[in-house]
Amino acid sequence: MKLFFFFFLAYGITSFLVESVMFSKPRKWLSKNEFFDLLLRCMFCTGFWVGAGLHYYSSPFNDCFGNVWPNAVFDGFFFAATTWFLSKIEDGTIFSSKSNT
């Protein structure tokens, strides 16, 4: 159950940072820097940093490797992949009933 909570928490935060109208002004200001411009347009990239940050909150994968940095990197990649996957489902890119022919 904790894992699903973290799935949707990571997706919600990432979606807020990348797509939200409420965050558009801070995103526009941060986009003056090329790094943040690229980061805040990419669900996978932002999802990585959100996942790494959530690790320090209370990750469902704590103590997988016994060291804090490998766990944060693992959580970053895991939640980056899940947020990207959920965004593709939402966009209709994956599991769409539309025919590509």
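I began with burial: of the 101 residues in the protein chain, 32% count as buried. Buried here means under 20% relative accessible area, exposed means over 50%, and partly exposed lies in between, with a 1.4 Å probe and protein chains only. I noted that this is a predicted model, where local features need pLDDT of at least 70 and side-chain atom pairs count only at pLDDT 80 or more, while totals for chains, interfaces and linings use all residues. Residues are numbered from 1 along each chain as its sequence is written, and side-chain values use heavy atoms, with hydrogens and water left out.

Next came the surface. The protein chain exposes about 6900 Å² (Shrake-Rupley method, 1.4 Å probe), and 68% of that comes from carbon and sulfur atoms.

Then I looked at the fold. I found 5 helices and 0 strands, in the order α-α-α-α-α along the sequence. These are DSSP runs numbered from the N terminus: H or I of at least four residues for helices, E of at least two for strands.

I checked contacts too, meaning heavy atoms within 4.5 Å. Among those between residues at least 6 apart in sequence, 55% join residues at least 24 apart.

Which residues make up the largest nonpolar core? I wrote down F6, F7, A10, V50, L54 and F79, 6 residues. Such a core is a set of buried Ala, Val, Leu, Ile, Met, Phe, Trp, Tyr and Cys residues joined through side-chain atoms within 4.5 Å. The elements giving two or more residues to this core are α1 (2-19) and α4 (43-58), and α1 gives the most, with 3 residues.

I stayed with α4 and picked T46, which is found in that helix. Is T46 buried or exposed? T46 counts as buried because its relative accessibility is 4%. Leaving aside neighbours within four places in sequence, T46 is in contact with T14, L17, V18, L39 and L40. T46 and A10 are 36 residues apart in sequence, and their C-alpha atoms are 9.7 Å apart.

My last entry is R27, in helix α2 (residues 24-30). I did find a polar atom of the R27 side chain 3.4 Å from the backbone oxygen of V18. Not counting residues up to four places away in sequence, R27 touches F16, L17, V18, E19, S20 and L40.

Methods: A polar contact is a pair of N or O atoms within 3.5 Å; within protein, one must be able to donate a hydrogen and the other to accept it, and residues adjacent in sequence count only if both atoms are side-chain atoms.
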